[in-house]
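Here's a quick tour of one model, for someone who likes to see the geometry spelled out. Have a look at the fold before reading on.

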Amino acid sequence: MPTHDDLDKGLNQDQLNAVEHLEGPILVIAGAGTGKTTVIAKRIAKLIEKGVEPSRILALTFTEKAAGEMEERLDRLVSYGYSNVTISTFHS
């Protein structure tokens, strides 16, 4: 599993604030190419690092493509067996 510093690497202040928000839900709204998928994947990894059970995490996005990309990024960020996170679209 990546270290705390690895999860924060390459993020601007707004992105870091979203990743570090660990109490309660968060809604990330931003334009195309702004790092939303990366931010959400890193936030999920950080929640798991802090002890949140992966099966209690729900991530929703608008497109199947974005949901697939988020799953792929999360798989790279967390150890094998920790990807029992529900990632889907609002339309599913």
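Predicted model: local features only at pLDDT ≥ 70, side-chain atom pairs only at ≥ 80, totals over all residues.

Let's start with H3 (36–49) and H4 (64–77). Two packed helices are described by the angle between their axes and the distance between the axes. Here H3 and H4 pack at about 45°, and their axes are 9 Å apart. That angle makes H3 oblique to H4, since oblique takes in what falls between the 35 degree limit for roughly parallel and the 65 degrees where roughly perpendicular begins. As for handedness, the H3–H4 crossing is right-handed.

Which residues do the touching? On the H3 side they are Thr37, Thr38, Ile40, Ala41, Lys42, Ile44 and Ala45, and on the H4 side Ala66, Glu69, Met70, Arg73, Leu74 and Leu77. Sorted by class, the H3–H4 contact comes out as eight nonpolar, two polar and three charged residues.

Phenylalanine 62 is in the loop between S1 and H4, while phenylalanine 90 belongs to the segment after strand S2 (86–89), so the pair ties together parts 28 residues apart in sequence. Phenylalanine 62 has a relative accessible area of 59% and is therefore exposed; phenylalanine 90, at 43%, is partly exposed.

## Threonine 61, in the strand

Threonine 61 is in strand S1. Is threonine 61 buried or exposed? Its relative accessible area is 15%, so threonine 61 is buried, given that the cut-off for buried is under 20%.

Setting aside neighbours within four places in sequence, threonine 61 is in contact with Ala66, Ala67, Met70, Ser88, Thr89 and Phe90.

## Arginine 56, in the loop

Arginine 56 is found in the loop between H3 and strand S1 (58–61). With a relative accessible area of 72%, arginine 56 is exposed. Its C-alpha atom is 8.8 Å from that of asparagine 84, a residue 28 places away along the chain.

Note on methods: Residues numbered from 1 in each chain as written. Heavy atoms only, no water. Helix = DSSP H or I, 4+ residues; strand = E, 2+ residues; numbered from the N terminus. Buried < 20%, exposed > 50% of the residue type's maximum accessible area, 1.4 Å probe, protein only. Axes fitted to C-alpha atoms, helices over the stretch in contact; angles between N-to-C directions. Parallel < 35°, antiparallel > 145°, perpendicular 65-115°, else oblique. Left-handed = near helix turned anticlockwise from the far one by under 90°. Contact = heavy atoms within 4.5 Å. Nonpolar A, V, L, I, M, F, W, Y, C, P; charged D, E, K, R; others polar.
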